[in-house]
Amino acid sequence: MADESLKALEFHDVIARIAAQATCEPGRTAALSAAPLASHAAAEARQQLVEDAMAFVQAGGDIAFGGVADVGEMIARAGKGAPLSGPELHAIAVAERALRDVARSSPKDAAPRGAFRALLGRRHDTKDLVRRLDEAIEPHGRVADAASAELARIRRQQRSLHDEIRDRCAAITRAPATAKMLSEPVVTVRAGRYVVPVRKEYAGEFAGVVHDESASGATVYVEPIASVEANNRLRALESAEERETARVIAQLTAMVAARADELLSNARLLAELDALGAVARWAIAHAALRPRLTGEQTLRIVGGCHPLLTRKAKPLDVELGHGFDALVISGPNMGGKSVALKTIGLFCVLAYAGIPLPAQPGTEIGWFDRIVCVLGDEQSIAQNLSSFSAHLQALRAALEGARRGSLVLVDEIGSGTEPVAGAALAQAFIETSLSAGASIVVTTHFTRLKVFAAATARVANASMLFDAATNEPTYVLALGVPGQSLAFPLARALRLPRPLIERAEELLGEENRRLETAFEALAAEREELHRRQAELDALRTQAADLEDALERARAALDQERRQFQHRAAVMLDDAVRQTRAEMMERAARGGESRKRQRGPAPTAAPDLSATLEQMRKSLGLQAPEPGDEPATALQPGDRVFVTSLDATGVIGELYERDALVTVGSVRTVVPRGELRRVAAQAAQERAALEVGRFSSIAAGADQAMSEIDVRGLRVDEAMPIVDKALDSASLAGISELRIIHGKGTGQLGRGLREFLREHPQAAGVAQAGDKEGGSGVTIVTVR
């Protein structure tokens, strides 16, 4: 693709914005070198790599190198045998360490994946070299004392001599004989030697070597004779230090040279990673996503936004190659036609360069092996070309590149000349490009082209919509609708004289007026359809939200019901177990007395189980029996089971909420919710069950106890047992009941006798005879 086309599409401007996201100079340089890739496979692989890097960054990973210097040229010089400086060696260590940190240190949830992980795996391990460089070179590039044992020894001696010389000079500044000769009592350094400032009139009297004088000449800087020899030794040590430092630097440079290929590879990887991180950060900031790259000569942009627009852009929806291969975009000036055209071309080249697009899911970019752009004013004074001549030359060049697999973009096609001729040239250009197999998108104001697009296969109209109420562009592209010129509405809005506008409309001609009216009607119809579609989408969204809310409410109610059923079942089971345990305990205490009766007392277990079953059904904790049917299907004459009476009956009459039911010889009104229709077989089984239940009650009456034993109980515990025994004895026709309570303290017997004297079923209360238990037994005469 020609660089002029990339420049016209503002590709380089976008790349410059991306490069600004780089964290070091090598990365910025690498980012600026981005360009469309040569093959579909290469672009697809690059898109995958960027997507993996975006996932890494979004998960908390960081692809940053903190201002690392470009060390490639340094490494190359070392490879050729040139010595490096301390700062350069330190810069190499910093770059290697930064690359290692990005490759190895990532958050737990940001593990590199796929192509990005493979890219990180290309790093060469240089930890031994980095360790040696870190030991030998300090952060500011100075060779460290630890670089060699000899260097450490020399610097220890230097520090000792520095202290010795300073002390000697300081003693001179404090000595009365010499203090008066000094300008001020300080020790300083001139030409690498320690000196004191001596007033000039005492220069001949002060023993030492003059090294400098002040700008005014009033002070000379003299090295005291007492420190000359020590200063000489210090200079000798400095020379030795320089030699040892040079040796260490040469050694470290040789180590770098020995691994130059690996270091250069790492330097290139660092630049590539930083450029990749810049793309990932830019894409995340612009809500960009990986488009679907296809091998077809098609494209579909969904919600695309030009990345260079400073104002909030209206998303662009456009397609090409799906039913048509040429698109004619029309509409008023400043409506966004050129931006839409550039966005189409820019999205293609960005996708081919592996850069995500600021668009919505569903965006597809086909593969065009050549993109030709005719954008802007091509006027050239140097080549003696007018705007129209330059435009024709650009069209000729575009036509030469038009073939199958190419995309041609032309802004304001045929402009710059008489409209009829310009429209004819534009139509012929579109026809010729289509015949060559190219795809083409043009912008225009020509009515002829709008009519041509509406009447020609493989060509479609599109327009930038305009708000007629405000006379402002909406920047929305509408496919299938030709744009309006809006010349006359704008003239009226700007209050041009009415006679002038009316005359202009007459001159326009009846045919052109009909076309403008048709275009206006199409635009209005499209706007109405768009409004209705928006309303339908809103209603659909609202319905989906309501459905979700209802589903959540239903799930919550189901959960609450299950929890209630569980709690109720647990409470019911606990109550039943407690009741059974109490009954069994009381039955056991009265076992001995029952042995003297005609047989064992009837157990309440069957009745208790039946009661428990009915309670479970009424609470919804147990499903109805197969023979039971809901009350909603009831009819007069149906045989039903009445849950509140625990009996079956026949429905006589049905009311709105109640029913008249005959149970045996009794007629009663009960709520419908207490009724369960019973099938024939179930009715027989229930009838048999009721007969058995009433028979067991009768048998229980025959087997009622004439004696109970309440020994060991408290008065309040014995009273209900005695009360129940009196009821049973009364029903069974027993005239006398013996209550064994024992003698003990006598409190139980006294309490029971007081209770029995007020009992309605006790006709008389007396103590048993001595042979029958005496004061430990009470005889009750039952009414």
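In this predicted model, four strands line up as an open sheet in the order β21-β22-β24-β23, and their pairing is mixed. The edges of the sheet belong to β21 and β23 (762–767), each of which pairs on one side only. Going from one strand to the next, the twist averages 20°. Strands of a sheet in general pair through backbone hydrogen bonds, in either a parallel or an antiparallel way. Here, β23 and strand β24 (residues 777–782) run antiparallel and are joined by five bridges. Within this pair, A762 stands opposite V782 in β24.

Two helices go with this sheet. Helix α23 (residues 715–732) lies across β21, β22 and β24, and runs at about 40° to β24. Helix α24 (residues 747–757) packs on the sheet too, where it touches β22, β23 and β24. The direction of α24 makes about 155° with that of β23.

The side chains of E707 and R738 meet in a salt bridge, at 2.9 Å from N to O. Since E707 lies in strand β21 (residues 707–709) and R738 in strand β22 (residues 736–740), the pair ties together parts that are 31 residues apart in sequence.

As a general point, side chains of opposite charge can pair when their charged atoms come close. One of these bridges links R190 with D212, whose closest N and O atoms are 3.3 Å apart. R190 sits in strand β1 (residues 188–190) and D212 in strand β3 (residues 208–213), so this bridge connects parts that are 22 residues apart in sequence.

R554 and E551 pair up with their closest N and O atoms 2.7 Å apart. The two residues belong to helix α19 (residues 510–589), and because they are three residues apart there, about one helical turn separates them. R554 is partly exposed, with a relative accessible area of 42%, and E551 is partly exposed with a value of 42%. Salt bridges can also join up into a group, and one such network links E138, R142, D145, R155, R159 and E241.

Next comes a pair of helices. Two packed helices are described by the angle between their axes and the distance between those axes. For helix α15 (residues 419–435) and helix α16 (residues 447–455), the axes come within 8 Å and cross at roughly 30°. That angle is under 35 degrees, so α15 and α16 count as roughly parallel to each other. Their crossing is right-handed. On the α15 side, the residues that meet α16 are V420, A423, A424, A426, Q427, I430 and E431. Their counterparts in α16 are R448, L449 and F452.

A closer look at one helix residue brings in T173, which is found in helix α9 (residues 149–174). T173 counts as buried because its relative accessibility is 10%. What is T173 in contact with, leaving aside its neighbours within four places in sequence? The residues are A179, L182, P185, V186, V187 and V196.

Finally, the backbone has a couple of spots to look at. Most residues other than glycine have a negative phi. E10, however, has a phi near 65°, a positive value in a residue other than glycine. E10 is placed in the loop between α1 (3–8) and α2 (11–19), and is partly exposed with a relative accessible area of 23%. A287 is not a glycine either, yet its phi is positive at about 55°. The loop that holds A287 runs between α12 (260–285) and β5 (292–293). A287 counts as exposed, because its relative accessibility is 56% and the label applies over 50%.

Definitions and conventions. Residues numbered from 1 in each chain as written. Predicted model: local features only at pLDDT ≥ 70, side-chain atom pairs only at ≥ 80, totals over all residues. Heavy atoms only, no water. Buried < 20%, exposed > 50% of the residue type's maximum accessible area, 1.4 Å probe, protein only. Contact = heavy atoms within 4.5 Å. Salt bridge = Lys/Arg side-chain N within 4 Å of Asp/Glu carboxyl O. Pairing = 2+ DSSP bridges. Axes fitted to C-alpha atoms, helices over the stretch in contact; angles between N-to-C directions. Parallel < 35°, antiparallel > 145°, perpendicular 65-115°, else oblique. Left-handed = near helix turned anticlockwise from the far one by under 90°.
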